[in-house]
Amino acid sequence: MQNRTLEIGVGLFLLAGLLALLLLALRVSGLTVVTGENTYRVYAHFDNIAGLTVRAKVTMAGVTIGKVTAIDLDRDSYTGRVTMEVDGDVNNLPIDSTASILTAGLLGEKYVGISVGGDEEVLADGGTIHDTQSSLVLEDLIGKFLLNSVNKDETN
Amino acid sequence: MRKQSPLERLRLFGRAGIDVLATLGRSCIFLVRALFGRGTSGNALQLLVKQLYSIGVMSLAIIVVSGVFIGMVLSLQGFSILAKYGSEQAVGQMVALTLLRELGPVVTALLFAGRAGSALTAEIGNMKSTEQLSSLAMIGVDPLKYIVAPRLWAGFISMPLLAMIFSVVGIWGGAMVAVEWLGVYEGSFWANMQSSVSFREDVLNGLIKSLVFAFVVTWIAVFQGYDCEPTSEGISRATTRTVVYASLAVLGLDFILTALMFGDF
């Protein structure tokens, strides 16, 4: 009899542990059971990716439609090549869409925002977005501002 | 105290080194023989269940209670700092990542070393000093199989499960403080957490950490008991060593594992 309660206790313990792992997977890390792998790949070249990281989200109209999977330097054009996995459901991105690196809030994370273009043709798997807007680099901005004020002083 | 010649000091130093190496070697042979040695002890599963009960189930209370409180404290502290930057919603992300990556595995291992490890050492040490182990060997039952192996496996199985329970309970405690008490919006609390916690990077790496800790802590605890001097003083020293060595090993290994897992920025 005592053995029985002991075994039930152990069973409950094992169950609780596995349940905890399941909770962590589904509730905390937001893992979806069916990933489907239904995505396609899109490239974009940026002059400066400044702070964009792998796993950053790709959004359109504020809705997340994919994520950044790789960032590397394109040796020929000296630009940063960002590889993005875009949701297979969003298969109607016009080929002249614009990709820009944006910042969530003032100090927030960087992400890629895609604004829709007007072309009839759509981006296929492995396609490249040509119209890009680089990340806003605060240092450049300050530099320009300082240069402007110096120039103004000279003309006065 | 008698003054020792330099040569004598050198000899003592050498002997200390040999002792350390011999203990390490003994512990490795001990582990291999306990885990992979031949010879079955009929009702292995039943022995394992019994140990799972006394090691795992009986540790649940301390794990759950400390998990809740640590989660709540993390939430409070994180909130007071994050509120300065106006990003209180990130408190969920902070609590979850801290618990999954570090505090879950580490605190569980430390508590486990104190709660279950010391008990294992004392129990086996006492069996040794009352010559139960040698009696077992005399009647043809391998104490490594009958006494040691079930305890080792029970430790390996329970600690990762306890660490998962610790993290879940801690996150729940953190959510309770943040959402109910501090007034963080519930939706953004969970959404922020889900967007930043990755299953493979954070949950699985935490699980791997706790598996490693389980291995080390249980090994140290059982070996210290098996290898102790069979006197009451020897048992007490072995129990102390278990807690000290296990805690140090966990904290040191945690740094190495963290550097390997999350170090490549």
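The crossing of H3(B) and H6(B) is right-handed; the term applies if the near helix is turned clockwise from the far one by less than a right angle. Helix H3 of chain B covers residues 60–82, and helix H6 of chain B covers residues 143–181. Their axes come within 7 Å and cross at roughly 40°. That makes H3(B) oblique to H6(B). Oblique is what remains once angles under 35 degrees (roughly parallel), over 145 (roughly antiparallel) and 65 to 115 (roughly perpendicular) are set aside. The axes are lines fitted to C-alpha atoms, for helices over the stretch in contact, with angles from 0 to 180 degrees between N-to-C directions.

This is a predicted model: local features need pLDDT of at least 70, side-chain atom pairs count only at pLDDT 80 or more, and totals for chains, interfaces and linings use all residues. Residues are numbered from 1 along each chain as its sequence is written, chains are lettered from A in the order in which they are written, and side-chain values use heavy atoms, without hydrogens and water.

Chain A comes next. There are two helices and eight strands in it. Helices (H or I, at least four residues) and strands (E, at least two) are DSSP runs, numbered from the N terminus. Along the sequence, the pattern of chain A is α-β-β-β-β-β-β-β-β-α. Of its 156 residues, 31% are buried. Buried means under 20% relative accessible area, exposed over 50%, and partly exposed in between (1.4 Å probe, protein chains only).

Chain A also carries a nonpolar surface patch, with about 650 Å² of accessible area together. Its members are Leu136(A), Leu138(A), Leu141(A), Ile142(A), Phe145(A) and Leu146(A). Patch residues have over 30% relative accessible area and no salt bridge, and nonpolar side chains are joined within 5 Å. Leu136(A) sits in the loop between strand S8 (131–133) and helix H2 (138–155) of chain A. Leu136(A) is exposed, at 57% relative accessible area.

| Pair | N to O distance |
|---|---|
| Arg26(B) and Asp227(B) | 2.8 Å |
| Lys209(B) and Asp254(B) | 3.0 Å |
| Arg237(B) and Glu229(B) | 3.8 Å |

Lys209(B) is buried, with a relative accessible area of 0%. Asp254(B) is buried too, at 10%. Glu102(B), Lys209(B) and Asp254(B) are linked in a network of salt bridges. Arg237(B) is partly exposed, at 38%, and so is Glu229(B), at 44%.

Notes. Patch = residues over 30% accessible without salt bridge, like charges linked within 9 Å, V, L, I, M, F, W, Y side chains within 5 Å. Areas by Shrake-Rupley, 256 points an atom, 1.4 Å probe, with all protein chains shown as cover. Salt bridge = Lys/Arg side-chain N within 4 Å of Asp/Glu carboxyl O.
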